[in-house]
Amino acid sequence: MFLRKFAPLLARVKETTGIVGLEVVPNAREVLISLYNKTLKEIKAVPEDEGYRKAVESFTRHRLQVCQEEEDWGQIEKRIGCGQVEELIEEAQDELKLISKMIEWEPWGIPDDYECEVVENDAPVPKHVPLHRPGPLPAEFYKTLEAVSLETNEPAVASGESKAAVASGESK
């Protein structure tokens with residue numbers, strides 16, 4: 001009984017975040033719960049089938065659940081694993097700003113008949129500019145792609161091939 005009543009007073013007190021310009025938020029848990037609830041409310045303006053909404057709802061629900069289950073800021077940080085609670089607060093505030101921008105921009109509202117001009121530039125890349133080429137995808141990706149393409153009767157793309165090359169029969 002004694003511990004339940006005074007546990008909040010005995011909780012560890014965070015003195016600093018160790019990050020310049022990022023102050024400690026003494027009621028971080030309550031702030032996060034409020035921000036996550038607001039995020040889940042605002043994301044409902046995005047169409048249900050959009051990947052952005054699905055992703056935001058998924059990680060926000062998870063983080064909200066963690067905050068509701070844990071009282072200690074240290075446990076919240078440990079379970080979420082994405083930085084300090086003060087950083088999570090900043091991230092949640094940024095997500096709310098992005099949601100309002102996404103609603104304004106409506107990137108999901110592109111008409112089916114919209115055509116985008118593709119500009120190709122064959123000029124050589126200067127030697128001082130690094131070529132950021134992604135590494136090979138894991139083999140599991142290609143197995144999944146093969147399974148999906150069998151369902152849709154499209155030829156699968158092998159590692160390093162372009163879909164255009166496969167469609168034209170120029171496969172390796």
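**Cavity and core**

Tutor: By class, three nonpolar, two polar and three charged residues make up the lining of the largest cavity. Here Asp, Glu, Lys and Arg count as charged, Ala, Val, Leu, Ile, Met, Phe, Trp, Tyr, Cys and Pro as nonpolar, and the others, Gly among them, as polar. This is a predicted model, where local features need pLDDT of at least 70 and side-chain atom pairs count only at pLDDT 80 or more, while totals for chains, interfaces and linings use all residues. Residues are numbered from 1 along each chain as its sequence is written, and side-chain values use heavy atoms, with hydrogens and water left out.

Student: Which residues line the largest cavity?

Tutor: Tyr36, Thr39, Phe59, Thr60, Arg63, Glu91, Ala92 and Glu95. A cavity is a set of points on a 1 Å grid over the protein atoms alone where a 1.4 Å probe fits but cannot get out, and lining residues have an atom within 4 Å of a point.

Student: And which helices supply at least two residues of that lining?

Tutor: H2 (28-42), H3 (51-69) and H5 (85-105) each do. Helices are DSSP runs (H or I, at least four residues), numbered from the N terminus.

Student: How about Thr60, buried or exposed?

Tutor: Threonine 60 has 1% relative accessibility, so it counts as buried; the cut-off for buried is under 20% relative accessible area, with a 1.4 Å probe and protein chains only. Threonine 60 sits in helix H3. Leaving aside neighbours within four places in sequence, threonine 60 is in contact (heavy atoms within 4.5 Å) with Tyr36, Thr39 and Leu40.

Student: Switching to H2, what do its buried residues pack against?

Tutor: They pack against H3, helix H4 (73-80) and H5. Among the buried residues of H2 are Leu32, Tyr36 and Thr39.

Student: Which residues touch the most other members of the largest nonpolar core?

Tutor: Leu32, Tyr36, Cys67 and Ile76, out of 16 residues in that core. H2, H3, H4 and H5 each supply at least two residues of this core, and H2 gives the most, with six residues. A nonpolar core is a set of buried Ala, Val, Leu, Ile, Met, Phe, Trp, Tyr and Cys residues joined through side-chain atoms within 4.5 Å.

Student: What does leucine 32 touch, then?

Tutor: Not counting residues up to four places away in sequence, leucine 32 touches Cys67, Ile76, Val85, Leu88 and Ile89.

Notes:
1 Å grid on protein atoms, 1.4 Å probe; cavity = no way out; pocket = protein on both sides within 12 Å on 5 of 7 lines; lining within 4 Å. Buried < 20%, exposed > 50% of the residue type's maximum accessible area, 1.4 Å probe, protein only.
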